[in-house]
Amino acid sequence: MNIIKRIELKNFRCHDEFSLNCDKPTTLIIGENGSGKTSVLEAIYLALRGKSFKGVDREIYKNGADFYRAEIEINDGQKIIIRFNGQKKEFEIDEKKSLRLPKKNRYPVVLFEPDDIYLVGSSPSRRRDYFDELFKQINDNYSVTLSKYNKALHQRNDLLKREIISRDDLFSWNIMCANYGAEIIKWRMQNLAKINEKMTNIYRNIAKNNDSCSIKYLGAEVDEGKYLRNLENNFERDRILGYTTFGVHRDDYEFIFNDKKADGSASRGENRSMILALKFIEAQILEQEVGKKPVVLLDDIFSELDEMRQKHLVDNFKNYQIIITSTSVPKEMMADKEL
Ligand SMILES: Nc1ncnc2c1ncn2[C@@H]1O[C@H](COP(=O)(O)OP(=O)(O)O)[C@@H](O)[C@H]1O
Ligand SMILES: [Mg+2]
């Protein structure tokens, strides 16, 4: 079941040298704020996904150093080595080097950060990013289409900032935005339907009552033709503002609790249970769709949850490899590493 066996870091954030064996199903890393706990999870994420969830490479190597190195040993004895020399990052697996982590070497990850707890009431862009990251893990094609969309959008916005511009200048970018945009919405709705299929049941398992919940997509336009017309109809407004006001980059997700908007109606505890449910569903869907068991990274969230929810978290993920960071040792657990 364990995917990650050992971690070794050099000049990685605040760590000159760091090593940790994690051959047990649950690994607990304890340390004060600022001692480098999140950085360890960042390195694991980098080895499993090929990029950080926090920053870019030049922020990662230790101040004053001229390289960083992370070596992660995984279950079959294979080592993933990541090196960055200030210019270039390189992944080495079985003596094969590449600039990106090859798809076949990627593992799904369920990352739970303190910020996630506030997802229900946070900004639309935060929610968009959240689900984008999840959907990218579920479908490689989503990732590809999203980056094509963002490139086209960027070009369209650049044109809109020019002094002189006509409708015709935007034509080809409108077509691309509509084409990729409609596809993105389709993926989002499809994935959301998979989440919603499970949401109420899993929520009820946590809350032990009959409440229901789901997530609703507040979206642009599924039909490509209508999408295109919307872009065209917004020409004057977009030109004055200097950016694209319509499209999937502005869409949002709304949490629904007992048929009402959760933000403002659900209690703090209900919100937390919904997020917990979402995390369990993420793990299930990733396993189902990707065919590999995700590694679960719980970054400093125990202090945010009461004992009942802490217990749910550990029980629910008991068949997964879990790596937990915390400032203190939760009840009935022993620390594997103290920073
Ligand atoms: N490139 C870097 N070089 C040295 N220290 C860094 C670098 N990037 C971040 N830090 C520092 O590393 C420390 C550890 O950060 P973090 O892993 O978030 O700790 P924790 O999660 O334990 O609170 C922080 O104090 C931060 O200022
Ligand atoms: Mg931290």
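These legends go with close-up views of one predicted model. Residues count from 1 along each chain as its sequence is written, while chains are lettered from A and ligands numbered from 1 in the order in which they are written. Because the model is predicted, local features need pLDDT of at least 70 and side-chain atom pairs count only at pLDDT 80 or more, but totals for chains, interfaces and linings use all residues.

**View 1. The shell around ligand 1.** Fifteen is the number to keep in mind here: of the 15 residues around ligand 1, Cys 14, Gly 34, Lys 37, Thr 38 and Ser 39 come nearest. A residue is near a molecule or strand if its C-beta atom, placed from the backbone, lies within 6 Å of it. Helices and strands are DSSP runs numbered from the N terminus (helices are H or I, at least four residues; strands are E, at least two). By class, the shell has three nonpolar, eight polar and four charged residues. Here Ala, Val, Leu, Ile, Met, Phe, Trp, Tyr, Cys and Pro count as nonpolar, Asp, Glu, Lys and Arg as charged, and the others, Gly among them, as polar.

View 2. The buried residues of α4 are Tyr 142, Thr 145, Leu 146, Tyr 149, Ala 152, Leu 153, Arg 156 and Leu 160. They sit on the same side of α4 because they cover an arc of only 135° around the axis, the arc being that of the directions from the helix axis to the C-beta atoms. Buried means 20 or more other C-beta atoms within 10 Å of a residue's own, exposed 12 or fewer, and partly exposed in between, with C-beta atoms placed from the backbone. On the face turned away from the buried side you'll find the exposed Asp 140, Val 144, Ser 147, His 154 and Asp 158. The buried residues pack against α3 (124-138), α5 (167-207) and α7 (235-241).

**View 3. The five-stranded sheet.** Five strands make an open, parallel sheet in the order β8-β12-β13-β3-β14. At its edges are β8 (109-112) and β14 (337-338), each pairing on one side only. Strands pair if DSSP finds at least two bridges between them. β8 and β12 share four bridges, with Leu 111 partnered by Leu 297 in β12. Over at β14, strand β3 (residues 26-30) pairs through two bridges, and Ile 30 stands opposite Glu 338.

**View 4. Around Val 296.** This residue of β12 (residues 295-299) is buried, with 23 other C-beta atoms within 10 Å. Leaving aside neighbours within four places in sequence, Val 296 is in contact with Val 110, Ala 283, Phe 317, Tyr 320, Gln 321 and Ile 322; contact means C-beta atoms, placed from the backbone, within 7 Å.

**View 5. Two positive phi values.** Arg 13 has a phi near 55° and lies in the loop between β1 (4-12) and β2 (15-21). Lys 208, also not a glycine, has a positive phi of about 55° and lies in the loop between α5 and β9 (213-218). Arg 13 is buried, whereas Lys 208 is exposed.

Definitions and conventions. Contact = placed C-beta atoms within 7 Å.
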